[in-house]
Amino acid sequence: MRPQGIALSPNRRLLVTAGKTHELVVLEPATGKVLQRVPLPSDKDTDPVPTPVTEQILQPDTEGQLSFTGLEFSPDGSRIYLSNVHGSIKVFGVNGKGRVEGLFSISLPLANAPRRKAEIPAGIALSRDGKRLYVALNLSNRLAELDASNGKVLRIWDVGVAPYGVVVVGEKVYVSNWGGRRPSAQSVTGPAGRGTFVRVDPVRHIASEGSVSVIDLREAIGQSGTAASPAEILTGLHACAIAASPNGRWVVVANAGSDTLSVIDTRTDQIVETIWARLNPADLFGAQPNALAFDKSGRQLFVCNGTQNAVAVFDFKPGHSQLRGLLPVGWFPGAIAWDPFRKSLCMANIKGIGSTKQVQPGERVQYSSHQYFGTLSLVPLPNSRELARYTQTVRQNMRYGLLQESKLPARADQPARPVPERVGEPSLFKHVVYIIKENRTYDQVLGDLPQGNGNLSLCVFGERITPNQHKLAREFVLLDNLYCCGICSADGHQWTDSALCTDYLEKSFASFPRSYVHGMTDGGVDALAYSPAGFIWDNAIAHGKTLRDYGEFAITEARWKDKSKTHSPGFLDYYRDFVSQAGKIEITSRPAIESLRPYLATNTVGWALNIPDVFRAAQFIKELKQFEQAGEMPNLSIVCLPNDHTSGTKAGSPTPGESRGKGSAPTASATKAVDARSTFAAPIPTQRVATTR
């Protein structure tokens with residue numbers, strides 16, 4: 001599973017977690033021993049007073065999963081509430097002996113978004129007396145107040161875009177909004193999934209705000225049944241986790257997209273301090289603080305820095321807060337709880353130790369990218385000496401020394417090198433062709449090369465099927481120890497194009513409720529998912545480099561020119577039309593993100609597996625010849641060749657071997673076109689075509 005919620009019972013005897021699984025896992029906090037795996041109650045069972053033999057026990061919910069966040073005990077510890085990504089709240093009971101059982105489900109109002117009717121509940125919080133349940137309605141941009149005993153909706157407030165976390169302080173509720181304020185008529189907007197919109201910056205078209213909505217519970221409900229719009233506090237980007245100090249004086253929100261924490265004074269509802277979550281404010285972006293917990297005194301604050309695989313420990317003194325050090329934990333910690341009884345921290349590591357599997361004796365060894373292996377870290381709070389040692393471990397794990405070297409200024413009088421020693425120093429390369437293929441592992445393709453660090457038993461598309469890529473590997477660089485963090489198209493394209501996966505996307509794996517962000521269809525674009533640091537093309541443009549994009553982050557538009565043909569063209573239709581050059585099919589594309597519009601080659605496409613890669617390669621080669629005649633070529637050319645994804649055994653499609661083999665030929669064609677015979681080829685023996693995924 002990918003655990004992304006964690007909660008400790010008020011009596012400190014039970015620790016619960018949930019994530020990409022259809023159950024609630026109950027553990028012993030001291031040892032981590034699993035005590036129970038409790039099925040989620042059925043969505044059909046909405047009776048808050050279940051019968052002795054309840055329907056949900058006989059027919060549990062086998063589709064439900066924890067949403068982005070949302071796992072809480074009631075103040076008295078007798079109930080547990082879980083936000084189900086499919087639009088309900090799952091309610092569990094805890095008896096006097098600490099036994100947990102599913103009780104019922106609370107149906108939430110429909111979101112009625114253009115491309116999804118069901119709501120997406122996120123963060124939840126309870127009133128101090130446990131009678132009111134507050135739920136962030138992430139898709140409809142609202143907060144709901146429910147009767148915690150039976151789920152009846154009492155009040156609803158409009159809040160910001162994609163509300164995430166909720167905390168109750170006295171007579172006020174604070175709600176963090178991943179996407180900031182709702183767009184106005186004058187706002188520049190971009191897609192936010194399911195037909196919704198979010199404010200974006202006008203240059204890169206990436207989500208540009210985060211905020212906290214402040215709701216006064218003493219306000220009366222209007223005639224429409226919806227309370228007045230709350231006050232809004234602008235924070236950093238991707239405002240997500242939110243926590244109140246034990247005395248209620250302060251509210252802290254984690255800004256995962258800015259690497260900061262915003263401290264709000266609850267007396268004035270003003271930000272009084274912005275705290276950097278990374279070791280040095282001058283460090284590169286990438287801490288991604290996304291979960292928070294205070295100790296009992298309120299003088300220490302603990303923050304999950306997802307991308308650093310660490311928990312930051314702060315001395316919390318508003319106006320003078322300081323980072324004391326970092327604790328190494330698992331891969332992308334995404335939820336945290338403080339255990340005051342044991343003086344320890346409990347963290348849920350969403351990616352844990354990666355996509356691996358514990359193989360039982362006699363079990364057939366099989367691997368796939370869906371074998372998630374999330375973990376929990378149970379860490380006693382270290383003393384100052386131990387924390388200093390742990391901090392050094394974290395620095396080593398994230399290659400902190402190399403990160404510092406990367407910021408060294410460029411030196412004058414340096415000779416041009418293929419790979420400059422420092423950023424900004426001259427390179428022999430003037431033109432880069434970045435070829436992006438689909439999700440195949442090294443072993444699947446090149447595991448049969450004896451000189452590489454591979455596993456022959458996992459080689460599916462070896463040299464017999466991919467001779468061209470094997471030839472490239474032999475003549476240039478093998479890259480057998482280059483490792484990738486992506487496991488599917490949604491996060492893979494983000495790693496490929498921006499070298500980062502955001503907190504928003506890491507917490508979307510439970511059915512990808514807002515979007516599956518590969519950037520190749522209308523449903524695959526979402527400005528909330530994009531790295532605030534921007535894409536590779538944004539960097540090239542910002543540095544005055546020329547750019548041309550052949551299919552990456554492009555949406556396919558393809559149809560028969562003969563309007564009387566009503567069926568969609570298939571693979572053989574496209575292939576035969578390309579081979580014969582009959583021109584019976586019109587193939588174009590449009591940008592999936594506005595920043596690419598001036599640079600997109602609209603006569604080719606990205607994701608459309610029924611269109612053969614030989615067509616894509618041909619469009620690139622055609623323009624390359626034009627560049628040679630003109631004596632000018634873009635500094636950066638991005639070429640998408642996705643056929644090696646394969647269509648499995650889908651009828652009317654090439655077999656996986658054919659897809660992979662024919663996908664190797666276009667790569668070779670594009671590479672051959674940019675060889676020593678090209679005007680723009682580098683006169684040195686090095687790899688000119690980067691392949692990924």
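Predicted model: local features only at pLDDT ≥ 70, side-chain atom pairs only at ≥ 80, totals over all residues.

Trainee: What is the strand order in the open sheet of 4 strands?

Mentor: Residues are numbered from 1 along each chain as its sequence is written, and side-chain values use heavy atoms, with hydrogens and water left out. Strands are DSSP runs (E, at least two residues), numbered from the N terminus, and two of them pair if DSSP finds at least two bridges between them. Here the pairing is antiparallel, and the order is E1-E2-E3-E4.

Trainee: Why is one side of E1 and of E4 left without a neighbour in the sheet?

Mentor: Strand E1 covers 3–8 and strand E4 covers 34–39. Both stand at the edges, so each has a single partner strand.

Trainee: Is Ser637 buried or exposed?

Mentor: Ser637 lies in strand E34, residues 636–640. Leaving aside neighbours within four places in sequence, its contacts (heavy atoms within 4.5 Å) include Arg548 and Tyr550. Buried means under 20% relative accessible area, exposed over 50%, partly exposed in between (1.4 Å probe, protein chains only). Ser637 has 0% relative accessibility, so Ser637 counts as buried.

Trainee: Which residue in E34 is the bridge partner of Asp549?

Mentor: Asp549 belongs to strand E31, residues 547–550, where both faces are covered. E31 and E34 pair in the parallel sense over 4 bridges. The bridge partner of Asp549 in E34 is Ile638.
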